[in-house]
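Subject: Handover of a structure

Dear colleague,

Please find below the structure that I am passing on to you.

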Amino acid sequence: MKKILVLVAVIATVLVSGGNTFAQTKNTAALDVIMSRASVRNFTGEAVTKEQLEIILKAGMAAPTAMNIQPWRFVVVTDKEKIAEVFGAGPRSGMFKTAGAVIVVCGETTVKRKPFGQPDAPEQEMPNMFWYEDCCAAAENILLAVNALGLGAVWTAGYPAEERVAPIAEKLGIPTGVVPLCIIPVGVPTEKPTPKDKWKPENIHWEKW
Ligand SMILES: Cc1cc2nc3c(=O)[nH]c(=O)nc-3n(C[C@H](O)[C@H](O)[C@H](O)COP(=O)(O)O)c2cc1C
């Protein structure tokens, strides 16, 4: 009886998916989250909970990453005084003063691994040339998760602006070789900016440039 039920479930799955058992369920909610995201720079000052932050960081760590190295590191600051001390002086610091939390997305710029094509060689510390791309992907996932939770956030620049990176790294004790890529204030929004329409067909070159 159990075997028949399993068989029926498999046949139903194949029929529903049009014959492709690996077909994903359509999820237009994900598209809504992507298309409704817009940078938010004004917050109520309310806290963002640890539970919310963990969901947001899980989304960050779900990003694609070259060779699965996962070079991202996150410094999360929720203490109001610390936020004011570290981020309160720069340009457009107002958004930091009212944020419930600040996530600094950092990248470990070196990796310990075997050289390519040398499976028997010992692991070596070497530059990870893809840290930047991986951390950008993580940062975008973070912005999307924030939007999905009904919170707001904005990507503010860190790397490669050394004048922004150095004081933050120093104040947060970020070690050498780990670079703050971007600084994301997160909070309960006091505004709902309309997403910018960036759809420009002229930016697409079908089949050939
Ligand atoms: C690499 C990068 C750096 C950015 N730096 C800042 C910044 O320092 N301050 C800021 O207010 N917004 C910053 N932004 C946000 C952009 O201004 C914003 O994404 C852009 O205007 C498009 O608007 P949208 O995010 O609402 O679609 C940055 C975005 C990126 C991707």
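Strand β1 (residues 72-77) pairs with β2 in the antiparallel sense, over six bridges. Within this pairing, Phe74 stands opposite Val105 in β2. Please bear in mind that this is a predicted model.

On which strand does Val105 have Cys182 as its bridge partner? That strand is β7. Strands β2 and β7 (residues 178-187) run antiparallel and are joined by eight bridges. Val102 stands opposite Pro185 in β7.

How many of the eight residues of strand β2 are buried? Seven of the eight residues of β2 (residues 101-108) are buried, and therefore this strand is largely enclosed by the rest of the structure. β7 is likewise mostly covered, with nine of its ten residues buried.

Strand β5 (residues 152-153) runs antiparallel to β7 and is joined to it by two bridges; here Ala153 stands opposite Val186 in β7. β6 and β7 pair in the antiparallel sense as well, over two bridges, and Ala157 stands opposite Cys182 in β7.

**The chain as a whole**

The chain has seven helices and seven strands. Their order along the sequence is α-α-α-β-α-α-β-β-β-α-β-β-α-β. Of the 209 residues, 26% count as buried. Among the contacts with a separation of 6 or more, 74% are accounted for by residues 24 or more positions apart.

**A pair of helices**

At what angle do the axes of helix α3 and helix α6 cross? The axes of α3 (residues 50-61) and α6 (residues 131-148) cross at roughly 145 degrees and come within 7 Å. The crossing in which α3 passes α6 is right-handed. On the α3 side the residues involved are Ile55, Ile56, Ala59, Gly60 and Met61, and these meet Ala138, Asn141, Ile142, Leu144, Ala145 and Val146 in α6. The residues of this contact divide into nine nonpolar, two polar and no charged.

**The surroundings of the ligand**

Which residues are found around the ligand? They are Ala38, Ser39, Arg41, Arg92, Val154, Trp155, Thr156, Ala157 and Lys196. This shell divides into four nonpolar, two polar and three charged residues.

**Lys97 in helix α5**

Lys97 lies in helix α5 (residues 94-97). Is Lys97 buried or partly exposed? Lys97 counts as partly exposed because it has 14 C-beta neighbours inside 10 Å, whereas a buried residue would need 20 or more. Leaving aside residues up to four places away in sequence, Lys97 touches Ala84 and Gly88. The C-alpha atoms of Lys97 and Asn42 are separated by 9.4 Å, while the two residues are 55 residues apart along the chain.

**Backbone details in the loops**

- The peptide bond from Tyr159 to Pro160 is cis, with omega near 5 degrees. Pro160 is placed in the loop between β6 (156-157) and α7 (162-172).
- Asn68, a residue other than glycine, has a positive phi, near 55 degrees. Asn68 is found in the loop between α3 and β1. Asn68 counts as exposed because it has 7 C-beta neighbours inside 10 Å.
- Gln70 is not a glycine, yet has a positive phi of about 55 degrees. The loop between α3 and β1 is also the place of Gln70. With 15 other C-beta atoms within 10 Å, Gln70 is partly exposed.

Yours sincerely

How values were computed. Residues numbered from 1 in each chain as written. Predicted model: local features only at pLDDT ≥ 70, side-chain atom pairs only at ≥ 80, totals over all residues. Near = placed C-beta within 6 Å. Nonpolar A, V, L, I, M, F, W, Y, C, P; charged D, E, K, R; others polar. Helix = DSSP H or I, 4+ residues; strand = E, 2+ residues; numbered from the N terminus. Buried ≥ 20, exposed ≤ 12 C-beta atoms within 10 Å, placed from the backbone. Contact = placed C-beta atoms within 7 Å. Pairing = 2+ DSSP bridges. Axes fitted to C-alpha atoms, helices over the stretch in contact; angles between N-to-C directions. Left-handed = near helix turned anticlockwise from the far one by under 90°.
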